[in-house]
Structure formats: structure tokens, C-alpha cells
Amino acid sequence: MWLKWVTSRSAARAVCIGLAWFAFAWAVARACVQAVTGDEAQDYLLFAGRPNASHWDASANNHMLNSLLARMFTSILGLSAFSVRIPTLIGAAIYIYAIYRLCQAISLEWKIRIPLFTCLVYNPFIFDFFVAGRGYGIANAFLIGAIAVSAYWHLRRPDERELIAATAISSAFVGLAFSANFSLAFPGFTAMLFILVWAMKAVPARRWRLLAAGVIPAFLVVLFIPSWTLLNFHEQIVAGVKSLWETLQSLVHASTYQPSAYLINPLLMPVFQILRDWILPVTGALALGQFVFIVRDRAWRRNPHTAWLGALGTLISGVVILTVLEHRLAYRLFHLLMPVSRTGLYFLPLVTLMVGIAAAIPAVSSGGAVFRKALIGALCVLSVYYLFCMRLMYFEEWDYQADLNRGYQVAACYNHERNVQDVEAGWEYHAGMNFLRAESGHETFGPFSTAIPHTAGHQMYILEGNLDRDFINSEGLKVVFKSETTGMVVAARPDLADGPGDGCYVWPASP
């Protein structure tokens with residue numbers, strides 16, 4: 001009886017709901033305790049936090065929707081790591097809810113619902129952007145939301161007016177995704193094109209109304225939010241790569257980084273290291289094999305639900321393939337670099353959804369049944385791997401900045417106890433330190449300076465100890481703080497380096 005309930009639909013739904021709430025609670029916890037990264041800090045200091053409406057500035061680093069919302073929340077709640085990240089947390093809630101509804105619709109089987117939901121939400125790289133105060137996670141949420149709204153209408157098949165409304169909502173979501181981050185231009189446009197084609201095929205008599213519903217909301221969103229910025233945008237895009245292989249490598253590396261030593265028994269760590277190298281290639285190979293059998297056997301023609309799965313899979317596959325082709329064409333014609341790492345974040349949920357749909361379509365042939373079972377097994381293993389990659393205190397892209405808070409506490413301590421006023425920070429820590437200075441408001445030193453190469457004569461430096469060792473030695477500096485998890489060090493002139501009194505916020509032992 002117990003086993004029957006565990007494998008039931010209601011149990012699968014309850015597990016997914018629990019995983020959804022835990023994911024959001026974990027994202028909120030990280031947003032509260034995790035150090036603000038340099039990129040987040042720069043986004044606030046240059047755009048959201050400056051007067052004179054600088055959130056409209058035409059800059060690749062200005063993620064406009066995030067900047068607008070961050071300005072609003074920090075104005076209401078005051079400046080903190082949490083208030084800057086509230087827009088991203090809203091995006092996380094939208095994304096988690098959209099993925100939950102999609103997973104419930106894609107399969108009635110618990111062995112697909114639960115691992116698919118886990119892979120889509122707990123992928124460690126996707127999860128990082130539930131927290132980081134940038135536009136990538138918000139854009140991802142609205143893109144998936146646009147697809148989910150359209151897909152849900154086609155599954156339920158209500159009246160034509162609801163289809164027009166669903167198309168309009170999807171269009172507005174695509175406009176918001178683009179406003180959150182311009183890297184969503186190609187996938188957003190392509191997704192809206194496929195959503196329109198799907199809607200027009202379902203209700204051919206309403207093509208013109210559907211076209212208006214698919215175009216006007218997105219146009220209005222772009223007009224009201226990023227239009228001026230787009231018209232004045234002359235900046236060169238520098239974040240990118242020149243080949244699809246590099247794009248793929250960056251996404252695979254980020255998605256498998258890194259099994260947590262806090263969660264995994266050391267005896268099992270070698271197993272997880274093997275999984276890190278093989279689980280994604282094996283899952284991808286099994287998914288390709290399953291796609292071959294689905295196409296060969298026409299497996300999507302069995303019933304209305306599999307037909308819906310086939311249509312949704314076609315939409316998502318079309319978005320991925322055409323987006324890749326569009327990027328390749330843009331690179332050849334205009335030398336626009338291919339997406340890399342976070343600028344290609346949207347590929348991860350789209351491809352994972354493709355894999356989940358392939359696993360959800362029942363097999364017709366014996367060969368297809370073998371690949372389907374193996375693929376479901378691989379999804380289950382991958383979901384477990386992702387759960388054991390959960391982290392609390394650092395991002396994959398900015399792991400070297402994980403100890404910014406402690407470094408700032410040391411500098412603040414010396415400011416209060418030794419009247420240190422002149423601090424230079426390496427480029428790795430400069431923006432984050434200035435954010436923490438603005439957030440605290442209790443220190444008397446001015447903004448942290450930075451220079452490449454470092455300049456001599458400052459009272460204190462916040463440096464990357466491995467890269468700046470020669471500078472530390474040449475200046476005769478004394479290291480007063482050394483991070484245990486990153487390369488960050490705080491070094492001071494010898495006459496200032498004696499330990500302050502008990503009034504210090506933190507006084508870690510010298511190495």
C-alpha cells in the first residue's frame with residue numbers, strides 16, 4: 001500500500017511541490033547570506049544606484065529590467081544584498097512555477113515528473129541565477145513562461161479567445177525576457193515565431209488576431225522599457241566565443257560544477273567525480289537514440305497527449321536549432337560572438353525539456369523501450385547528482401569572490417581601529433568592496449581605488465594572493481587576512497599590521 005501511494009500521481013505532485021518550495025526557500029537563503037559579486041555590485045553602482053535615471057544607460061552590463069526593479073526595491077527597503085536580488089527571486093518564482101506546470105503536463109509518471117523537475121530547477125548553474133542579481137535568471141524565467149503559457153492552452157484546448165489571450169501573454173513574456181537581458185533576442189524571437197505558428201495551426205480562422213496578439217504586446221514592452229537604450233547602443237559585445245563547441249563546453253562545465261564535499265561522503269566522492277565527466281554525455285547520447293526511435297516509429301501519433309508532446313518537442317527543438325543557426329549566421333556576417341556560459345543559460349532548460357519530452361513519449365518498438373528506460377534512469381541519476389551540487393556561499397562564475405564579506409570586515413576593522421583611509425582593491429574585488437562600503441555606511445574611507453598594474457604607496461590592499469604575490473613581496477606588505485576558500489588576501493603596511501583591539505568585527509589569524 002505504501003509503495004503504491006509513493007508511486008502515485010498525487011505523491012509525485014506532492015514531492016514536486018515540496019522540491020519547488022525548498023528550491024525557492026534555498027534561493028532566498030542564499031540571497032541573504034551570499035556575498036554580492038563584482039558584476040552584481042557594478043550593475044547596482046553604475047545603473048540602479050546612481051541618480052539621473054542611469055538605469056536607461058546603453059551598456060551591455062546594464063540588464064535593464066533588473067536595474068529598474070533593483071532601483072525600486074532598494075529605494076523602498078534600503079540597500080542590501082537581499083534587496084538588490086529581489087528581482088531575481090521574483091524571476092526564480094516564475095521559473096519554478098512554470099517548470100512545475102510543464103512537468104505535470106509532460107508526464108503522468110512519477111519516475112519522469114520528479115527527476116525532470118529536479119534537473120530543470122536544481123541544475124546548479126540555473127540555480128545560481130535564481131540568486132545572482134543580474135538579468136539572466138529573469139530572462140530565462142520569462143522565456144520558459146512564454147512557452148509554458150502557450151503549451152498549457154494547447155493541452156487544455158479551451159475557446160479561441162483564451163488562445164488569443166495566451167498568445168498575448170506569451171508575447172509580453174518574450175518582450176520582458178528581452179528587456180531583462182539582450183542575449184535573449186534570438187531565442188525570444190524564435191520562440192514567439194513557433195508559438196504563433198502553433199496557434200495559427202490550431203485556429204486558422206483567427207490568424208490576423210493571433211498575429212496581432214503575438215506582436216503587439218512584445219512591441220509595447222520593448223517600446224516602454226529598452227527602446228531608447230537599443231537606439232543608442234554602440235557598445236561592442238565582448239562576452240562570447242567563436243565556436244559552438246566552446247559554447248557547449250562552457251555550459252557542460254557550469255552544469256556539473258561541483259559536487260559538494262559538505263553533502264557527499266568522502267567514500268562516495270570518486271563516484272560523483274566519474275559522474276561529473278560522464279553523466280551529461282551519456283544522457284545526451286541516450287536522448288538522441290530515443291529521438292531516432294520516436295521519429296522512426298511515429299510514436300507521437302498514439303493519442304492526443306503524445307501528439308501534444310510531439311508538438312511541444314518540435315517547438316522547443318526548433319527554438320534551439322534555429323537559435324544556434326541564427327548565432328552562427330550573426331557571427332559570420334557581423335562577427336557577433338557566440339554565447340558562452342551565462343549568456344547561453346537559456347539553452348539548459350530548453351535542452352533539458354527536450355530530453356524530458358523524449359523520455360515521456362511511450363515507446364512503440366522494443367528498441368525504443370530499451371532507450372526510453374535507459375534515458376529515464378539517466379535522468380534519475382542526473383537529478384541526484386544535481387541535488388548533491390547544491391551550494392550556499394558561492395556562484396560558479398564568481399567563486400573567487402566568495403569571501404568578499406570577510407575581506408571587507410577586515411578593511412572596516414582597520415578603518416575603525418587604525419584609521420586606515422587609503423585602500424586599493426584588485427579588479428576581482430573592487431566593485432564588490434565598493435558595494436559593501438555603500439551598504440554599510442559606517443566607515444570613513446572613500447571609495448576603494450583600483451589599478452592595473454597595482455600602484456605603490458597605499459595603506460592597505462585587497463588582492464588575489466596567488467597572482468599578486470610578487471607585488472606583496474616587493475612592497476614589503478604584511479598579509480593580515482587570507483581566505484580559506486579563495487585566493488583573496490588583505491595586506492597592509494607593516495606599521496599598520498598589528499592586530500587591532502577587541503572592537504573589531506573580525507580578526508582572523510594571519511597565515
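Methionine 72 lies in helix H4 (residues 64-77). Helices (H or I, at least four residues) and strands (E, at least two) are DSSP runs, numbered from the N terminus. The model is predicted: local features need pLDDT of at least 70, side-chain atom pairs count only at pLDDT 80 or more, and totals for chains, interfaces and linings use all residues. Residues are numbered from 1 along each chain as its sequence is written, and side-chain values use heavy atoms, with hydrogens and water left out. Methionine 72 has 40% relative accessibility, so it counts as partly exposed. Buried means under 20% relative accessible area, exposed over 50%, and partly exposed in between (1.4 Å probe, protein chains only). Glycine 49 is 23 residues from methionine 72 along the chain, and their C-alpha atoms are separated by 9.8 Å.

Two packed helices are described by the angle between their axes and the distance between the axes. Helix H5 (residues 81-106) and helix H6 (residues 110-122) have axes that come within 9 Å and cross at roughly 155 degrees. Axes are lines fitted to C-alpha atoms, for helices over the stretch in contact, and angles run from 0 to 180 degrees between N-to-C directions. H5 and H6 are therefore roughly antiparallel to each other (angles over 145 degrees). The contact (heavy atoms within 4.5 Å) involves residues of H5 including Tyr95, Ile99 and Cys103, and residues of H6 including Leu116, Phe117 and Leu120.

Helix H16 (residues 347-360) is largely enclosed by the rest of the structure, because 13 of its 14 residues are buried.

An open sheet has four strands in the order E1-E2-E4-E3, with mixed pairing. Two strands pair if DSSP finds at least two bridges between them. Strand E1 (423-425) and strand E3 (478-482) are the edge strands, each pairing on one side only. The twist averages 25 degrees from one strand to the next.

Strand E4 (residues 488-492) pairs with strand E2 (residues 460-464) in the antiparallel sense over five bridges. Methionine 488 in E4 is the bridge partner of glutamate 464, and alanine 492 is that of methionine 460. E4 also pairs with E3 in the antiparallel sense, over four bridges. Here lysine 478 stands opposite alanine 492. A hairpin of five residues joins E3 to E4.

Five of the five residues of E4 are buried, so E4 is largely enclosed by the rest of the structure. Met488, Val490 and Ala492 point one way from E4, and Val489 and Ala491 the other way. Helix H18 (residues 404-418) lies across E2, E3 and E4, running at about 135 degrees to E3.

Terms used. Parallel < 35°, antiparallel > 145°, perpendicular 65-115°, else oblique.
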